[in-house]
Amino acid sequence: MASNHHFKRPNPPLSSSSTSYFYIFVSIIALTSLFLLSSHYLAYYSSPPVVHIESLKPTKQYVSVNNDDNGAASAACDYSEGKWFYDPTVRPPRYDETCKEIYKGWNCVAGNRSGAAEIAKWRWQPNHCALPQFDPLRFLESYRNISIGFVGDSLNRNMFVSLFCSLRHVTSEVKKWRPAGADRAFTFLKYNLTIAYHRTNLLARYGRWSANTKGGELESLGYKEGYRVDVDVAEGTWADAPSFHNVLIFNTGHWWWAPSKFDPIKSPMLFHENGQPIIPPLSPEIGLDVVLRRMISYVEEKSKQGTILFFRTQSPRHFEGGDWDQGGSCPRSQPLSLQEVEKLFSVGNNGTNVETRIVNEHIHEAIKGSAFRLLDVTQMSEFRADAHPSSAGGKKHDDCMHWCLPGITDTWNDLFIAQLSSMT
């Protein structure tokens with residue numbers, strides 16, 4: 001079955017001819033294309049506040065180069081490996097519970113979650129270097145005329161809100177709008193820096209499917225209803241994002257292991273390609289691989305030159321005593337020990353939260369050889385069973401999947417900005 005579904009990225013363009021006539025012809029074509037694209041851009045985005053989006057050329061580096069004891073520049077740091085330590089030092093907050101963009105269920109201080117104020121006092125320390133503390137004003141100055149897009153499920157929104165609140169805390173000149181299909185976006189007018197969130201659960205387009213009374217290939221196999229997933233079609237909420245933003249942070253994973261939504265018997269995922277069902281039907285695991293390869297190729301093809309692409313690893317859940325619909329909870333008040341982490345997330349234990357590392361295996365394999373860089377937040381997050389909304393999440397069950405704000409996604413953004421700065 002797998003041999004029938006190999007997906008190749010577009011071949012690189014052919015080398016240019018040595019003849020002067022060819023150069024003249026290519027120049028004319030290029031100038032004409034630039035004129036047409038510019039006209040389309042101005043017509044389509046004439047009303048929003050952003051005047052122009054430049055190539056990613058920050059005015060200055062955000063993070064200084066680390067030096068060793070001899071003054072020599074050190075190798076790039078792996079910020080994903082380290083440990084948490086408690087730092088009760090009183091310092092001005094990055095932002096607080098008054099930030100209006102914080103979803104009510106994530107606002108643990110306002111929701112009176114026990115120990116909410118302690119969550120942000122834990123600091124992540126990489127094993128071999130320091131993770132620079134976020135400086136919002138310096139970030140705004142460094143990334144003028146840049147657009148950053150978060151594409152993914154509600155965990156990417158969690159991260160997006162963290163960044164917005166941090167920046168909003170130091171500047172009040174903000175315009176809210178919805179570019180390129182975004183669910184929400186904000187432009188910090190003084191700096192012409194835009195950050196946007198594009199909601200998508202599977203990256204690929206999907207919707208309800210019901211059997212046709214006239215029959216068909218899926219009907220002949222006994223399928224009556226489910227969800228059609230078009231592996232080769234990007235969901236409309238983000239399809240235009242690659243051609244708009246300068247930096248993109250993608251994620252997917254939680255919905256692929258969601259039997260309450262995609263029940264393998266009652267409402268399975270039914271994968272389609274070129275408008276037709278893939279026969280024999282694919283399992284969700286193989287379907288995820290196909291979608292990842294297809295969407296990665298799509299993004300690489302549609303992105304502007306110089307666009308920086310990240311794929312964020314899976315955000316771990318911390319349900320103990322059962323899953324979310326089985327009375328599971330997350331009552332911890334401190335980060336887990338390494339032994340507790342392995343007990344909860346080891347693939348060999350096949351526990352409630354096992355999908356975290358399984359999804360990461362698919363992501364690691366999918367981005368090999370691509371233009372994407374890995375934003376690895378999993379290990380640092382696996383320890384933080386204490387940082388979820390829990391019973392204060394406003395749901396009928398404990399929320400042990402999303403994160404309190406302020407909270408751990410602030411550290412995700414520290415890691416994202418450090419990696420971004422090392423490449424620009």
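These are my entries, from the whole chain down to single residues.

**Ground rules**

I am working with a predicted model, in which local features need pLDDT of at least 70 and side-chain atom pairs count only at pLDDT 80 or more, while totals for chains, interfaces and linings use all residues. Residues are numbered from 1 along each chain as its sequence is written, and side-chain values use heavy atoms, with hydrogens and water left out.

**Whole chain**

I looked up the secondary structure and found ten helices and 13 strands in the protein chain. Helices (H or I, at least four residues) and strands (E, at least two) are DSSP runs, numbered from the N terminus.

I looked up burial next: of the 424 residues, 48% count as buried. Buried means under 20% relative accessible area, exposed over 50%, and partly exposed in between, with a 1.4 Å probe and protein chains only.

The chain exposes about 21,100 Å², and carbon and sulfur atoms supply 52% of that area. Accessible areas come from the Shrake-Rupley method with a 1.4 Å probe; for residues, only the protein chains shown count as cover.

I also noted the contacts (heavy atoms within 4.5 Å). Among those between residues at least 6 apart in sequence, 79% join residues at least 24 apart.

**Disulfides**

How many disulfides are there? Taking a disulfide as a pair of cysteine sulfur atoms within 2.5 Å, I get a count of four. With bonded cysteines counted along the chain, the pattern is 1-4, 2-5, 3-8, 6-7.

Cys77 is joined to Cys129, S to S 1.6 Å. The torsion about this S-S bond is about -65°, so the disulfide is left-handed. Cys77 lies in the loop between helix 1 (20-44) and strand 1 (82-86) and Cys129 in the loop between strand 2 (122-126) and helix 3 (136-142), so the bond ties together parts 52 residues apart in sequence. Cys129 counts as buried because its relative accessibility is 13%. Leaving out residues up to four places away in sequence, Cys77 touches Pro126 and Cys129. I also checked Cys77 against Leu131, 54 residues apart along the chain: their C-alpha atoms are separated by 8.8 Å.

Cys99 and Cys165 are bonded with their sulfur atoms 2.1 Å apart. The torsion is about -85°, so this disulfide too is left-handed. Cys99 sits in the loop between strand 1 and helix 2 (116-119) and Cys165 in helix 4, so far as sequence goes 66 residues apart. Cys99 is buried at 13% relative accessibility, and Cys165 is buried at 2%.

Cys108 and Cys404 have their sulfur atoms 2.0 Å apart, and with -80° about the S-S bond the link is left-handed. The pair links distant parts of the chain, 296 residues apart: Cys108 is in the loop between strand 1 and helix 2, and Cys404 is in the loop between helix 9 (378-382) and helix 10. Cys108 is buried at 2% relative accessibility, and Cys404 is buried at 1%.

**Helix 4 against helix 10**

Two packed helices are described by the angle between their axes and the distance between the axes. Helix 4 (residues 154-168) and helix 10 (residues 408-423) pack at about 80°, with their axes 8 Å apart. Axes are lines fitted to C-alpha atoms, for helices over the stretch in contact, and angles run from 0 to 180 degrees between N-to-C directions. The two helices are therefore roughly perpendicular; angles under 35 degrees count as roughly parallel, over 145 as roughly antiparallel, 65 to 115 as roughly perpendicular and the rest as oblique.

Helix 4 contributes Leu155, Asn158, Met159, Ser162 and Leu163, and helix 10 contributes Thr409, Asp410, Trp412, Asn413, Phe416 and Ile417. I sorted these residues into six nonpolar, four polar and one charged. Here Ala, Val, Leu, Ile, Met, Phe, Trp, Tyr, Cys and Pro count as nonpolar, Asp, Glu, Lys and Arg as charged, and the others, Gly among them, as polar.

**Backbone exceptions**

Most residues other than glycine have a negative phi, and most peptide bonds are trans.

I found a cis bond between Ile279 and Pro280, with omega about 0°. Pro280 lies in the loop between strand 11 (276-277) and helix 6 (284-302). The bond from Leu405 to Pro406 is also cis, with omega near -5°, and Pro406 is in the loop between helix 9 and helix 10.

Leu203 has a positive phi of about 75° and is buried at 1% relative accessibility. Ser390 has a positive phi of about 55° and lies in the loop between helix 9 and helix 10.
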